[in-house]
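Here is a short tour to go with the structure you are about to open. Keep the viewer at hand as you read.

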Amino acid sequence: MIELGKTKYELKYNLKRIEMIENVTNMPVLADIQKNNGFLSILALKTYLAYGLKEEGSDTFVKPKIGMEIAEKAILENGYANTNAEVLEAIQRDCPFFFQEA
């Protein structure tokens, strides 16, 4: 959960959201995560946040442009490490297909 001001946001990912992130970052999500042992670049982190944000209790995602602004604020207010950990936790929770053993 990300809280900025009085608004609470939650991260939610699905296959379509992952495809959108990969399209924008030009990098497979799992490769991006593994590349630097789970530490995303600032731009990648903002993108992952922007495309996964929903207001708490809402069924619709925040528009990516607004999401990028919220992501920047979240990183500055909550810290890079906390924000990065929240994104990785949400991806693990919502996208178990990335972490299935062969």
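In which helix is Asn-84 found? Asn-84 belongs to helix α5. Please bear in mind that this is a predicted model.

**Asn-84**
- Asn-84 is buried, because its relative accessible area of 3% falls under the 20% cut-off.
- Its side chain reaches the backbone nitrogen of Leu-40 at 3.3 Å.
- Leaving aside residues up to four places away in sequence, Asn-84 touches Gly-38, Phe-39, Leu-40 and Leu-45.

**The nonpolar core**
- The largest nonpolar core holds 27 residues, and Tyr-13, Tyr-48, Val-87 and Ile-91 have the most contacts inside it.
- At least two residues of this core come from each of β1 (2-4), β2 (7-11), α1 (15-25), α2 (29-35), α3 (42-52), α4 (64-78) and α5 (80-94).
- The element that gives the most to this core is α3, with six residues.

**Helix α4**
- At 1.5 Å a residue, the 15 residues of α4 should span 21 Å, and its end C-alpha atoms are 20 Å apart, which agrees.
- Which residues of α4 are buried? They are Gly-67, Ile-70, Ala-71, Ala-74 and Ile-75.
- An α-helix has 3.6 residues a turn, so residues three or four places apart point the same way.
- The buried residues of α4 pack against β1, β2, α3, β3 (53-55) and α5.
- On the other side of α4, Lys-65, Leu-76 and Glu-77 are exposed.

**Backbone angles**
- Gly-79 follows α4 and has a positive phi, near 90°.
- Most residues other than glycine have a negative phi.
- Asn-26 is not a glycine, yet has a positive phi of about 60°; Asn-26 sits in the loop between α1 and α2.
- With a relative accessible area of 72%, which is over 50%, Asn-26 counts as exposed.
- Asn-37 is not a glycine either, and its phi is positive at about 55°; the loop between α2 and α3 is where to find Asn-37.
- Asn-37 is exposed too, with a relative accessible area of 69%.

Technical notes:
Residues numbered from 1 in each chain as written. Predicted model: local features only at pLDDT ≥ 70, side-chain atom pairs only at ≥ 80, totals over all residues. Heavy atoms only, no water. Core = buried A, V, L, I, M, F, W, Y, C linked by side-chain atoms within 4.5 Å. Buried < 20%, exposed > 50% of the residue type's maximum accessible area, 1.4 Å probe, protein only. Helix = DSSP H or I, 4+ residues; strand = E, 2+ residues; numbered from the N terminus. Polar contact = N/O pair within 3.5 Å; in protein donor to acceptor, adjacent residues only side chain to side chain. Contact = heavy atoms within 4.5 Å. Expected span 1.5 Å × (residues − 1).
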